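Here are a few notes from my look through this model. Have it open while you read, and find each spot as we go.

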Amino acid sequence: MKETIKSDTVIPFETLVKYINTYIRKNENIELIKKAYEFAKEKHKYQKRKSGEPYVNHVINVAITLAKLQVSPDVIIAGLLHDVVEDCDVSVDELAKMFNEEVATIVEAVTKLGNLPKFSLEEYQAENHRKIFIAMSKDIRVILVKLADRLHNMLTLQYMSADKQKKIAQETLDVYAPIAHRLGLGEMKATLEDKCLYYLDNKKFFELVELVDLKKKERDSLIEEMIKEIDAILIKNNIIVSISGRSKHLYSIYKKMVYKHKKFDEIYDLQAIRIICKDVMTCYGILGLIHNKYRPIPGRFKDYIAMKKPNMYQSLHTTIIGVGGVIFEIQIRTQEMDDIAERGFAAHWRYKEGSEKISQKEIEEQLHWFRDFVSLSDDANDVQAQEYMHNLQRDIFEANVYALTPKGQVINLPNNSSVIDFAYRIHSKVAEQMSGALVNGNFVPFNTKLKTGDVVEIQTQKNAPGPSEGWLDIVKTSNARQKIKHYLKNKQESEFNEYVEKGKSLLHKRIKERDLDEKTLNNKEAIERCIKFYKTSNFEEVLFKISDNKADIDEVIDAIYNIKPVFSIPKLLNKKTTNYHALDHGIIVDGIDSIAVELANCCSPIPGDEIVGYVSSGKAIKVHRVDCPNVKGLNQKALIPVHWDPMALKGKYYLVNLEIVSYDRMYLLSDIITTLSQINVQTNNFNADNDEVIANISLEIRVSNGEQLKRAITNIKKVEGVQEVIRKTK
């Protein structure tokens, strides 16, 4: 793995030009690239690498790698200049003036952040990665320069300390090799991974080298014989092709042996043959001829032409039993497919003279995962850098479940992703209006985990319930999680505003009924007094409480207008009397027989509950349960004892709201209502919501007393699937 480098030799410009001339023809472009070459050589002239060679050789090698990818002149220039801002005290503005804005922008994107003393090494590294990937989401050419830079650094890593070698290799394996894979840069990915393996597990690396070399002569002989046989078949059928053998890169073998627990001899595609032909129809024709001659191994055929991978890779793969009973993997593709397999999207958008810059729309159409990458990066400033990188690695780099839409579009997802994740990959509106999901033609719950090859159809309705809190426990992708949280936040704000407006309307109406001056609502001191009384942060929350029956409207008015209760409470309490008078709702108040009594909507007391009365100037006594949360916020001096009158309760009914949490199933609601009717409890109304797993049912029932309520709750809990029954307090 060591490389011999002449310490004082600068790579001549002609070496770079050799690659540039294969696709760039205009002289002025060559001149501009040469200008960048000379500028870099001048700025780096006193700098040396750890190897002792001139530093400028590094940036020239980066430019050569980019030229091999056949990128535009601006990207090659950015490759030559990518270190001058960081290492040579050259400003971005200076680059923009000498070359152009695009070159300057790319160089700025790949330049590391300055010293950040408050950050740990891991945080600093994550911040640098976030900077690069956010820039990549706006201009994909940024990552090409960074990958070319990382490739040459890995090729010359032997001059670093052992500690740095491991750190850089691990970072490359975690971050840069996966993004090379997602961009379809197969050759670069393979080189990066093999170099990483060399530094991270040197012993295993050389074990694999030895295993591969031991059978190399035998394998090469078999491959050569197999190529001759296939070539003869194709010539006989007048098909002209290019056939070659290929060896699997070491890290790929390593992964199968370590993570899939396979023995070296069990890895079928060690013997691999690649056939390159003129067009797609010929690919399928060759496949038929090969299957006619050799026996294919079941389950090993992959048609990546009909359904290309998310990184644009296309090819036919089949595994057959060939010469001497040896297993071979055969790959069949066109020349264009082969170019894309090696150079990914860079080959697809190969630079042509006069061609325009690649549009973001074009990239998203071809690289379907890129839209999710952009979405994730757009929200990157809202999360910590390390969290952003974790999300990126899980949702994009490690996505290895490939599900399909009914039209055949491939959607890549992380392991254990659900149909909700799938819907968000299509579009957030699709997910928000999702009413049902079919996987392989069958209706499934929303928490169904998807597998590679699943065909998923999302059904939508404009009036669908939309995302719920329960969805957050199901989804695996950060994109879906962020979109759900955003939706719920907007929904909550919208509902809050509606309640505030309703509360405001009710308050104004009641103020008019009580013949009070509405202008007092503009008095800051009066409003502050009310806010303090209800212990809220603003008056909108008080209005919300009015609308949600969590605050008595007359009590709010009393607080705003600073009205004291009209009764002399101490005198009433000190009056010793044994005369009780039945009033409204079967409630009696000591010594009073001419005042209206109302049950508080917030806690809906029923006979058997311990209760207390609140005297306001609203011409009625509001009766609360003693354990009602709102009692604590009331003027304690305005509270008076009240009691249930056993003689007046006969024939009276009280409304109680219950919240039922249950596993969802067929006939659940019907069973609950039947259970209640069997104990003579009438159901007034109900509302049910579910997330395909858990059902939340709000139920209003009529009961005569606490004993009947207790019996109702006990019986509901016996219904199959019911987990919890709660008496609601508003």
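Predicted model: local features only at pLDDT ≥ 70, side-chain atom pairs only at ≥ 80, totals over all residues.

1. Residues are numbered from 1 along each chain as its sequence is written, and side-chain values use heavy atoms, with hydrogens and water left out.

2. Take helix α7 (residues 101-110) and helix α9 (residues 141-155): their axes come within 9 Å and cross at roughly 55°. (Helices are DSSP runs of H or I with at least four residues, strands are runs of E with at least two, and both are numbered from the N terminus. Axes are lines fitted to C-alpha atoms, for helices over the stretch in contact, with angles from 0 to 180 degrees between N-to-C directions.) That angle makes α7 oblique to α9; under 35 degrees would be roughly parallel, over 145 roughly antiparallel, 65 to 115 roughly perpendicular, and the rest is oblique.

3. Who touches whom here? On the α7 side look for E102, I106, A109 and V110, and on the α9 side for R141, V142, V145 and K146 (contact means heavy atoms within 4.5 Å). By class, that gives five nonpolar, no polar and three charged residues. Ala, Val, Leu, Ile, Met, Phe, Trp, Tyr, Cys and Pro count as nonpolar, Asp, Glu, Lys and Arg as charged, and the others, Gly among them, as polar.

4. Now helix α3 (residues 56-68): its axis and that of α9 come within 9 Å and cross at roughly 120°, which makes α3 oblique to α9. H58, N61, V62, T65 and L66 of α3 meet L144, V145, A148, D149, L151, H152 and N153 of α9. This contact divides into six nonpolar, five polar and one charged residue.

5. On to the rings: the structure holds 13 aromatic pairs. (Rings of Phe, Tyr and Trp, the last by its six-membered ring, pair if their centres lie within 6.5 Å; planes under 30 degrees apart are stacked, over 60 edge-to-face, and the rest tilted.) F496 and F544 are stacked, at 5.2 Å centre to centre and 20° between the planes. F496 sits in helix α22 (residues 478-513) and F544 in helix α24 (residues 539-547), so the pair ties together parts 48 residues apart in sequence.

6. Compare W644 and Y654, an edge-to-face pair with 5.8 Å between centres and 85° between planes. Both W644 and Y654 are buried, meaning under 20% relative accessible area, where exposed is over 50% and partly exposed lies in between (1.4 Å probe, protein chains only).
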